[in-house]
Amino acid sequence: MLPIRISPSILSADFGKLAEEVAAISTADYVHVDVMDGHFVPNLTIGPIVIEAVRRATKLPLDVHLMIENAEQWVAVYAKAGADLIGVHVEACPHLHRTIGQIRELGKKACVVLNPATPIEAIEWVLRDVQQVLIMSVNPGFGGQKFIPSALEKITKLRRMIDERGYTVEIEVDGGIKIDNVEEVVRAGANVIVSGSGVFGTKDYAATIAELRRRGEAARRA
């Protein structure tokens with residue numbers, strides 16, 4: 001059984017003291033880094049230089065989510081900057097299998113990402129080639145959005161597809177996940193939980209991470 005992993009998104013962190021914010025989530029499993037280019041999504045966030053700084057600030061693996069066009073031109077740059085796991089959107093990669101191959105050839109874990117309206121059938125033929133699938137439970141581009149309930153059915157369907165094929169693929173979910181709804185996300189079949197404002201919007205990050213993990217593990221045992 002895959003472990004519950006917590007991946008706080010620094011999109012909701014205080015960038016004025018980013019190194020301190022990253023240090024304060026040291027009990028998590030990953031640091032989730034949202035890269036947006038202002039084209040694929042209507043927002044512009046961070047680039048490789050910031051990822052290099054985050055890499056220096058933590059020993060945790062960097063879970064880098066590329067919400068960008070022409071991702072195949074950038075995976076090597078972000079790998080060099082310090083990414084450990086690189087996620088690319090099926091909607092932005094016309095040659096998805098090739099881009100996943102690039103990530104793996106760089107020695108990084110490959111993740112494929114689905115927007116809320118994209119069916120899981122779009123990634124059926126690359127499932128065996130990735131370590132993780134990220135299901136967006138909000139429309140990408142901004143933090144602090146509300147969870148889209150239909151994502152639960154999508155998670156369940158994807159988990160069934162993975163299990164029927166006998167693959168060992170983790171399901172990550174990103175968008176609107178907090179302490180009060182993490183259990184239903186895990187029950188649906190996810191094991192990697194991204195939470196931005198759900199962690200950085202609380203007073204005690206470590207306590208929040210511990211509670212997300214506790215509730216996730218309890219939901220899986222139920």
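Modeller: A residue is called buried when its relative accessible area is under 20%, exposed when that area is over 50%, and partly exposed in between, using a 1.4 Å probe and protein chains only. Helices (H or I, at least four residues) and strands (E, at least two) are DSSP runs, numbered from the N terminus. The model is predicted, so local features need pLDDT of at least 70 and side-chain atom pairs count only at pLDDT 80 or more, while totals for chains, interfaces and linings use all residues. Residues are numbered from 1 along each chain as its sequence is written, and side-chain values use heavy atoms, with hydrogens and water left out.

Biologist: Which strands pair with strand 6?

Modeller: Two strands are said to pair if DSSP finds at least two bridges between them. Strand 5 (residues 109-114) is a parallel partner of strand 6, with four bridges, and Val 113 has Leu 134 as its bridge partner there. Strand 7 also runs parallel to strand 6 (residues 132-136), over five bridges. Here Leu 134 is opposite Glu 172 of strand 7.

Biologist: How does the chain get from strand 6 to strand 7, and with which handedness?

Modeller: It passes through helix 5 (residues 151-165), in a β-α-β crossover that is right-handed. The term applies if, with the strands pointing away from the viewer, the path from the first strand over the helix to the second runs clockwise. A further right-handed β-α-β unit consists of strand 7, helix 6 (residues 182-188) and strand 8. Strand 7 and strand 8 (residues 192-195) are parallel and share three bridges, with Glu 172 opposite Val 192.

Biologist: Why is strand 7 described as largely enclosed by the rest of the structure?

Modeller: Because five of the five residues of strand 7 (residues 170-174) are buried. Glu 170, Glu 172 and Asp 174 point one way, and Ile 171 and Val 173 the other way. Strand 2 (residues 31-36) is likewise largely enclosed, since six of its six residues are buried. From strand 2, Val 31, Val 33 and Val 35 point one way, whereas His 32, Asp 34 and Met 36 point the other way.

Biologist: Which residues of helix 4 are buried?

Modeller: Leu 96, Thr 99, Ile 100 and Ile 103 are the buried residues in helix 4 (residues 96-105). They sit on the same side of helix 4, because they cover an arc of only 100° around the axis, the arc being that of the directions from the helix axis to the C-beta atoms. The opposite face carries the exposed residues His 97, Arg 98 and Glu 105. Gly 107, which follows helix 4, has a positive phi, near 80°.

Biologist: Finally, how are aromatic pairs read, and how many are counted?

Modeller: A pair of aromatic rings is described by the distance of the centres and the angle of the planes. Rings of Phe, Tyr and Trp (its six-membered ring) pair if their centres lie within 6.5 Å; planes under 30 degrees apart count as stacked, over 60 as edge-to-face and the rest as tilted. By this rule there are two aromatic pairs. Trp 74 and Tyr 78 make a tilted pair, 6.3 Å centre to centre with 50° between the planes. Phe 200 and Tyr 205 have ring centres 5.0 Å apart and planes at 70°, so their pair is edge-to-face.
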